[in-house]
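Dear colleague,

Please find below the structure for your records. My findings follow directly after it, and I would be grateful if you would read them alongside the coordinates.

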Amino acid sequence: MPEAELPRLPDILIVDDEKHVQDFFRRVLEKQGFTCEVAGDGKSAFRMTNRRNYKLVIMDIRMPDWHGIDAIVSMGLVNPNQKIIVVSGNLTDDVIKEIEDQPNVVGWVEKPIEPDRLLKLVKTSFEIHDKA
C-alpha cells in the first residue's frame, strides 16, 4: 500500500493588512508553484514564524497593531536566518535606512509591484535561502 503523501509546508508567508494585496501576491506566487500562507499584521506574522520556518516572508511595513519594522527586528532576534522581502507603498529614505540595517532583509520594493518583479525578487531570495 503506497504511503500517504504528507502535505507540503508553505514556502512563503505574505504579511499585509490589505486583503487585495494578499490575494494578488498569493495568486502570482501559487501560479508559479509556491505555497503560501497569509498574515494580516506584524504580530500574527511573528507568531507564525515562531511556529514554522518559511523560506521567505514578504512583509508590508505600514500595518495596524504592529509596524513591519518591529516584526522584522523581532523575527531576526528569534530566527536570524529568516529571509524577508519588504514590499511597501511608502519606502522613504528613513524606512530604507532602517531595513538596510536588518540582516534578514534580502530585498525591498515599492508598491504597486508588477508580477514579474515580485517573482524575480522571490526567486533571488530563494537562491540566497538555499545557500544558507
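In what follows, a residue is called buried when its relative accessible area is under 20%, exposed when it is over 50%, and partly exposed in between, with a 1.4 Å probe and protein chains only. By this scale arginine 26, at 29% relative accessibility, counts as partly exposed.

The structure is a predicted model, in which local features need pLDDT of at least 70 and side-chain atom pairs count only at pLDDT 80 or more, while totals for chains, interfaces and linings use all residues. Residues are numbered from 1 along each chain as its sequence is written, and side-chain values use heavy atoms, with hydrogens and water left out.

Overall architecture

The chain has 5 helices and 5 strands, where helices (H or I, at least four residues) and strands (E, at least two) are DSSP runs numbered from the N terminus. Their order from the N terminus on is β-α-β-α-β-α-β-α-β-α. Of the 132 residues, 46% count as buried. The accessible surface comes to about 7,600 Å², and carbon and sulfur atoms hold 51% of that area; accessible areas come from the Shrake-Rupley method with a 1.4 Å probe, and for residues only the protein chains shown count as cover. Among contacts (heavy atoms within 4.5 Å) with a separation of 6 or more, 60% join residues 24 or more positions apart.

Nonpolar cores and surface patch

A nonpolar core is here a set of buried Ala, Val, Leu, Ile, Met, Phe, Trp, Tyr and Cys residues joined through side-chain atoms within 4.5 Å. The largest such core has 22 residues, and Leu13, Val15, Met59, Met75, Ile84 and Val86 have the most contacts inside it. Two or more residues each are given to this core by strand S1 (12–15), helix H2 (42–51), strand S3 (56–59), helix H3 (68–78), strand S4 (84–88) and helix H4 (93–100). H3 provides the largest share, 4 residues. Apart from this core lies another, of 19 residues, including Val21, Phe34, Cys36 and Val109.

Leucine 13 touches, among others beyond four places away in sequence, Glu37, Ala45, Met48, Tyr54 and Leu56.

On the surface, Val73, Leu77 and Val78 form a nonpolar patch with about 290 Å² of accessible area together. Patches are made of residues with over 30% relative accessible area and no salt bridge, with like charges joined within 9 Å and nonpolar side chains (Val, Leu, Ile, Met, Phe, Trp, Tyr) within 5 Å. Valine 73 lies in helix H3 and is partly exposed, with a relative accessible area of 33%.

Two buried polar residues

Tyrosine 54 is placed in the loop between H2 and S3 and is buried, at a relative accessible area of 4%. Its side chain makes a polar contact of 2.3 Å with the side chain of glutamate 37. A polar contact is a pair of N or O atoms within 3.5 Å; within protein, one must be able to donate a hydrogen and the other to accept it, and residues adjacent in sequence count only if both atoms are side-chain atoms. The C-alpha atoms of tyrosine 54 and isoleucine 84 are separated by 9.7 Å, the two residues being 30 residues apart along the chain.

Serine 125 lies in helix H5 (residues 115–131) and counts as buried at 1% relative accessibility. A polar atom of its side chain lies 2.8 Å from the backbone oxygen of valine 122. Leaving aside residues up to four places away in sequence, serine 125 touches Leu56, Ile85 and Val106.

Salt bridges

The whole structure contains 9 salt bridges, each being a side-chain nitrogen of Lys or Arg within 4 Å of a carboxyl oxygen of Asp or Glu.

- Aspartate 11 pairs with lysine 55, the closest N and O atoms being 3.7 Å apart. The pair links distant parts of the chain, 44 residues apart. Aspartate 11 is buried, at 3%, whereas lysine 55 is partly exposed, at 31%.
- Glutamate 18 and lysine 111 meet at 3.8 Å, N to O. Glutamate 18 lies in the loop between S1 and helix H1 (19–31) and lysine 111 in the loop between strand S5 (105–110) and H5, so this pair ties together parts 93 residues apart in sequence.
- Glutamate 30 and arginine 26 meet at 3.1 Å, N to O. Being 4 residues apart in helix H1, they are separated by about one helical turn.

Salt bridges that share partners also join Asp16, Glu18, Asp60 and Lys111 into one network.

With kind regards
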